[in-house]
Amino acid sequence: MNIHEYQAKAILEKFGVRIQRGIVAETPEQALEAGKKLTAETGTSWFVVKSQIHAGGRGKGKIVGTDYNGVMLAKGLDQVPIKAGQMLGGTLVTTQTGDEGKKVNKVLIAEDVYYPGAEEPKEYYLSILLDRANGCNVIMASTEGGMDIEEVAEHSPEKIFKEQINPIVGLQPFQARKIAFNLGLSGDAFKEMVKFITALYNAYDSIDAAMFEINPVLKTSDNKILAVDAKVDIDDNALFRHKDLAELRDLAEEDPLEVEASANHLNYVKLDGNVGCMVNGAGLAMATMDVIKISGGEPANFLDVGGGANAKTVEAGFRIILKDPNVKAILINIFGGIVRCDRVANGVVEAYKAIGSINIPIIVRLQGTNAEEGARIINESGLKVSSAVVLKDAAALVKEAIANVK
Ligand code: GDP
Ligand code: MN
């Protein structure tokens, strides 16, 4: 589960990670109030206004139809509501949002932390993630902060340091020092970075995060180390033991069809194609998508209805697929192992009747326990549903269905 920057920063702060302070606002008036409060708290007179969307690259991203960026500096309190107004209600397109962009409903008004001093402020990169291959956590660190890390990885991989952390024993003090040393730090900044990394790892571990990415981590001109940005991804499978964190979910940031699917315990990912598919089992769903492509179609979605498919889940799946206007045919591919094919067939027929106006061809392939009986139920239903037992035949039917559409 992804959360917003302002929420991530609040979590980090609770664990003693120094952050760039900010206050969230939903209107230009609230932005002005937030600016005043920040000045009272921190003494800052410059601010950064930051769009809160679930995607990075905001600084370089543009609000559609304007030249405004998703992160902008406000050199004075009077500029804060103006910049906030330029973002709020707009659609922000970044390299991570896709062309359709994301609507900006909230902005974070933050203190300017790039103030001049004895030394230039310097940006670093830090992330913590799960290293599945090695069964441990890994901290990635780089002196090339503020940049696209994929770019650094491609052109100068030697500038990314990786430190594996054993999840049982946790981050060891020597490891935090090693990272700070690799970043070329010394003196107060070194000590601050060690503290920062230690607190950060503790936060990552405590909230069952799947990923932390702090880009940039800033060394201020007076040698403080703080998080300017914060991307936090929490492991969905651990949310049951973090009820307070589960509440941070922002449904407005997620695809509405995916939200509906997850409410029905369906594993659904929307794609751009024209053939909807409903399958039991993730592996079979992937194979089915391949078959759709081979028969000349493009999958409109990934949908795994799980092992216990019944009339209710089939109906919920149908409704979700049908809400996608690109869908021109639906392929249902069920392997009857635990779930019997006749029960699925009855589920399809019931769901079809319950929904009423389905005007696109539906191809059902049932294989496994009671497959023949399932096919008979479909064929005798009198509905516009074709059935197949062999996947190749189902693919041929899909091909025919989409050829008729074109
Ligand atoms: P992202 O573009 O979505 O990754 O958003 P970030 O939070 O990383 O902000 C983008 C950029 O804004 C940073 O890399 C900084 O260069 C700049 N920025 C962020 N905070 C400040 C600040 O307090 N002062 C100044 N001058 N620039 C800032
Ligand atoms: Mn960033």
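This is a predicted model: local features need pLDDT of at least 70, side-chain atom pairs count only at pLDDT 80 or more; totals for chains, interfaces and linings use all residues.
Trainee: Which residues lie nearest the centre of the largest pocket, and how many line it?

Mentor: The lining comprises 42 residues, and G57, R58, G59, N215 and D229 lie nearest the centre. A lining residue must have an atom within 4 Å of a pocket point. The volume of the largest pocket is about 1100 Å³. Two or more lining residues come from each of β2 (47-51), β4 (71-74), β8 (122-131), α4 (149-155), β11 (209-219) and β13 (231-234). Of the elements, β11 gives the most, with four residues.

Trainee: Why is the largest pocket said to lie between domain 1 and domain 2?

Mentor: Both domain 1 (21-111) and domain 2 (122-246) give residues to its lining, and therefore the largest pocket lies between them.

Trainee: What is the volume of the second largest pocket, and which residues are closest to its centre?

Mentor: Its volume is about 890 Å³. The second largest pocket is lined by 27 residues, with R249, E253, E254, D255 and E258 the closest to its centre. Arg, Glu and Asp count as charged, so these residues are placed in the charged class. The whole lining of the second largest pocket divides into eight nonpolar, nine polar and ten charged residues.

Definitions and conventions
Residues are numbered from 1 along each chain as its sequence is written. Chains are lettered from A and ligands numbered from 1 in the order in which they are written. Side-chain values use heavy atoms; hydrogens and water are left out. On a 1 Å grid over the protein atoms alone, a cavity is a set of points where a 1.4 Å probe fits but cannot get out, and a pocket is an open set with protein on both sides within 12 Å along at least five of seven lines; lining residues have an atom within 4 Å of a point. Grid points are joined across faces, edges and corners, and a volume is the space filled by probe spheres set on the points. Domain bounds come from an automatic or database domain assignment.
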